[in-house]
Amino acid sequence: MKRFVIVLMAALIGTPSAVLAHAHLMRSTPQDGSRISAPIKAIVLSFTEALEPLLINVTLFRDDKAVSGLSQPLLADNGRTVTISLPDLSAGLYTVSWNVVSIDGHRTEGKFKFVYWGP
C-alpha cells in the first residue's frame, strides 16, 4: 500500500500543470466596469488556454434582454483570443456572459458589465 501511495504521488507531481489547467479569462475589451462613449464594434476575450472552437458561447445582454446580431466567435492567437463583432449598440448597461471549453476539456464561465454612453 505504501508503495502505491508513493507511485501515485510521483505521478501527480510529474503531471504537467497545462494538463490540469482551465481556460481563465485574462482580459477583455471592453473591460469589466468600463464606461465607454466611443462606438463599440467588437467584444474581445483573451484566455490563458486554447479553446474548443465549437464550444464557445458569448451572449450580450442590455437590461436583461439578449442583444441580437452578434457574429459567430472568431479565434486568433492560437485559439486563445475570441472576437465577437457587434451590431450598433444603443446607450445602456450591458452584461457579457461567456462560457467556453478549453482544448483539454475543462469548462469555465463568467460575466462582466460595462456602460455604453453612445456617441
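## Basis of the values

The model is predicted, with local features needing pLDDT of at least 70 and side-chain atom pairs counting only at pLDDT 80 or more, while totals for chains, interfaces and linings use all residues. Residues are numbered from 1 along each chain as its sequence is written, and side-chain values use heavy atoms, with hydrogens and water left out.

Strands here are DSSP runs of E with at least two residues, numbered from the N terminus. Two strands pair if DSSP finds at least two bridges between them. In general, strands of a sheet pair through backbone hydrogen bonds, either parallel or antiparallel.

Strand 6 is joined to strand 7 (residues 81-85) by three bridges, and the two run antiparallel. Leu-74 has Thr-83 of strand 7 as its bridge partner.

Another open sheet has five strands in the order 2-9-8-4-5, with mixed pairing. Strand 2 (35-36) and strand 5 (65-66) are the edge strands, and each pairs on one side only.

Strand 2 and strand 9 run parallel and are joined by two bridges. Ile-36 has Tyr-116 of strand 9 as its bridge partner.

## Aromatic pairs

Rings of Phe, Tyr and Trp (its six-membered ring) pair if their centres lie within 6.5 Å; planes under 30 degrees apart count as stacked, over 60 as edge-to-face and the rest as tilted. By this rule there are two aromatic pairs. Phe-47 and Trp-98 form an edge-to-face pair, because their ring centres are 5.1 Å apart and their planes stand at 75°. Phe-47 lies in strand 3 (residues 42-47) and Trp-98 in strand 8 (residues 92-102), so this pair ties together parts that are 51 residues apart in sequence. Buried means under 20% relative accessible area, exposed over 50%, and partly exposed in between (1.4 Å probe, protein chains only). Phe-47 is buried, with a relative accessible area of 1%, and Trp-98 is buried as well, at 6%.

Tyr-94 and Phe-114 form a stacked pair, with 5.4 Å from centre to centre and 10° between the planes. Tyr-94 lies in strand 8 and Phe-114 in strand 9 (residues 107-116), so the pair ties together parts that are 20 residues apart in sequence. Both Tyr-94 and Phe-114 are buried.

Most residues other than glycine have a negative phi, and most peptide bonds are trans. The peptide bond from Thr-29 to Pro-30 is cis, with omega near 0°. Pro-30 lies in the loop between strand 1 and strand 2.

The loop between strand 6 and strand 7 holds Asp-77 and also Asn-78. Asp-77 is not a glycine, yet its phi is positive, near 55°. Asn-78, not a glycine either, has a positive phi of about 55°. Asp-77 is partly exposed, with a relative accessible area of 47%, whereas Asn-78 is exposed, with 73%.

Note on methods:
Helix = DSSP H or I, 4+ residues; strand = E, 2+ residues; numbered from the N terminus.
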